[in-house]
Amino acid sequence: MSRSVVCASDPSLPLSSPHAAANAPTKALEINGLYKVYSGGLKALQGINMEVLDGGFRALLGPNGAGKSTTIGIMTSLVRKSAGRVRIYGIDIDHEHSRAKSLIGVAPQEINFSQFETSWEIVGNQAGFYGLPRDRARRNAERCLRAVGLWERRRVRSRKLSGGMKRRLLIARAMVHEPRMLILDEPTAGVDVELRRSLWELLRRVNAQGITILLTTHNLEEAENLCSHATIIDQGRIIEDTSMKQLLARRQMEIFILDLQHPLEHPPRLPDFQSELLDPHTLRVSVKRSRGVNPLFEVLSERGIRVSSMRNQANRLEELFLSLLGGNHQHADVPQHAGAPPTPAA
Amino acid sequence: MSPREQWLSFCTLLRKEVVRFCRIWPQTMFPPVISISLYFIILGELIGSRIGLISGFHYQEYIAPGLIMMAVINSAYGNVASSFFGAKFQNHIEEMLVSSMPTWIILAGYLGGGVIRAVMTAIIVTGVAMFFTDLQIYHPGIIIGVVLSSAVMFSAAGLINGIFANKFDDISIIPTFLLTPLTYLGGVFFSIDMLHEPWHSIALANPILYIINSMRYGMLGVSDFAAVWTFLIIGVFLVIFLGLTLWLMERGTGLRT
C-alpha cells in the first residue's frame, strides 16, 4: 500500500503489513500509567492510560491545565515523565527515542520557529534534522508548503507572516519528514473561519492517507467534525475515552434557539419543555432527545406561535464536555499537588 | 538514525548556523575588524612606537598574534552562546529536540558553527593586521592547531553559558567579567616576563596566556612557554567542557521540564 502523504514525495514509509492488519490493529500510540510531577509539586498527570490505533483521528480534550500539553510534551521528549511508559508504533521512547521520534511530527501550541528565517528555510531545515537528503528535503518542503498554501510566501521571513500563516507553517513543518503520526496542539487557534475549514480539509486528506492524528483543541466543533475518537482529560486524569459516536449518543438534551415571526411579551407556557424568552423575537427551548422536536412544534402551533427559523444553541459536544467536566469537578475540586500517593487513572 | 542520516542532520544544523551569522554579518564579522584596527592604530602606531622592541619584534608585530587570538576566542564563545540562547529564547531549539537528531549531533552542529565563525574571523582580522604590520608564519601547524582547538574549547564554553542563561544579560556577563579580563591579562600586549610578583605567578594560572603565547610562537617563533603546554591545557579544558556540555544536554538542563 502506498503511503504518499499530502506533502510527501517518497512512499517509503511502510504501513503495517496486510497480515498484521488482519490479525490485530496496529497501535500507533500506547501510554501506560503516565505520571508527571513538576518540580514545584504540581501533579500534571496522574497515571493516564491511552491508546491510539494506526490511522486513527483522536481528539485529546480538556480544560486549560488539564495535562494535554504535558502529555504531548512527554511524547515528543520536551517534558521528562515521572513514571509510566510511552510507545510509538511499539517503540519505547525510553529505549529507542530517536527511532520513535522519527515516526511523529509535532505542531505545537506556541509558535516555535525562528522569526528571522523564511518558511522555506524552516521547513527545509526540519526535514534535514530528520536526516532527509537535501533533494528529498526540498521536494517535501515544496509539497508541504503548497499543501498549506504558503508556497507563494516561501521567501518571506516568518515574523512577517500573519498568525494564521504561522499556524499553517507549523503544520507544514510537522509533516515534512513524512511521519506516521501527527500531533497537533491547537492547530487552528487564531485562524479565521475560511482558513480553518481549509485546514480541516487538509487534515482529513492527511488522515485518509493513513496518517494517525492526535489533535488537541478547545474548538469542540473541530473535534466533533474531524475526530473518530475522543479522550477527555481533566486534572491529570482521563475521564472519558471512547468513540465520538458513542460520546455524542450520551447527550440527554438538545437546546434549540427559535426565531419567532411575531414578538412575545411573556414567556409561553410549554408543558414538558424548558423554555426561556431571550428577547421578544427569540425563544430558547430544551428538548429531550428521546421526545424529538415534533411535540414541540405541536405545542407551539396550539399557542399560535410561528417560528421563522431554528438552530442548535451550541455545539453538541460542548454540552457534553461541560457536563462531564462539571461532574468531575464536583468530586475533585481541590488542586492536585504532590504529597499524596498517586492513584490509578479513572 | 543511520550514520548517513546523522551526517545529513549535522550538515543541516551547521549550514543553519553559518547562514545565521552570515545574515547578521554587521553584528558578527564587522566588529572585530573595527576593534583590531583601533588596537593597531592606538596601541601599535601611537604607543608602540615609543615602546621599542619586545623579544626582538616591533610592538605591532608582537601584539598581532594576541589580537587575532582575542578575536577567535570572542567569536567562538559569542557565536555559540548567543545562537543557542536565541534558539532557547524563541523556543526554536524545540525543532531539534523533537527531531530524531541525537544530542551529540546538536552539540557538534553548534560547536561547528562557532569554529567556522572563529576561523572566518581569524582570516579577516589577519587580513586587517597585514595592513599595519608584516606578518610572518613561523610554524603554520601550530597556528592551525591553536586556532582550531581554542575555537572548539571556547565554543563549548559558550554553549555551557547558553544552556544556563535565562535572559540576554546572562550571555554577556561571562565575556565582560571573565573572558575579556583574562584575555587582556593573557599577554596580548606584553610578555609575562614584564610582570612582577605576585602578578607573574597569578598570570600563570590563566589558560589564555598559554594559548596566546603559542599563537605568537606559530607566527613569530617566540614564546614564554613550550607549545606542548598549551595543547595539554586545551585538551584538559576540552574534555571538561565537552563532557559537561553533553551531560547537561542529555539531562535536558534548561531545555526540558
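Author: A crossing is left-handed if the near helix is turned anticlockwise from the far one by less than a right angle, and right-handed if clockwise. The model is predicted: local features need pLDDT of at least 70 and side-chain atom pairs 80 or more, while totals for chains, interfaces and linings use all residues. Residues are numbered from 1 along each chain as written, with chains lettered from A and ligands numbered from 1 in written order.

Reader: What is the handedness of the crossing of H6(B) and H7(B)?

Author: These helices (DSSP runs of H or I, at least four residues, numbered from the N terminus) cover residues 103-132 and 140-164 of chain B. Their axes (lines fitted to C-alpha atoms over the stretch in contact; angles 0 to 180 degrees between N-to-C directions) are 8 Å apart. The crossing is right-handed.

Reader: Is H6(B) oblique or parallel to H7(B)?

Author: The packing angle is about 130°. Angles under 35 degrees are roughly parallel, over 145 roughly antiparallel, 65 to 115 roughly perpendicular, the rest oblique. H6(B) is therefore oblique.

Reader: How many residues of the contact of H6(B) with H7(B) are nonpolar?

Author: Contact (C-beta atoms, placed from the backbone, within 7 Å) involves residues including B:Gly114 and B:Ala118 of H6(B) and B:Ser155 and B:Gly158 of H7(B). Charged means Asp, Glu, Lys and Arg; nonpolar means Ala, Val, Leu, Ile, Met, Phe, Trp, Tyr, Cys and Pro; the others, Gly among them, are polar. No residue there is charged and three are polar, which leaves the nonpolar count at 12.

Reader: Which helix supplies the largest share of the side of chain B that touches chain A?

Author: Here 23 residues of chain B are in contact with 25 of chain A. H1 (3-23) and H5 (93-97) of chain B each supply at least two residues. The largest share, seven residues, comes from H1(B).

Definitions and conventions. Contact = placed C-beta atoms within 7 Å.
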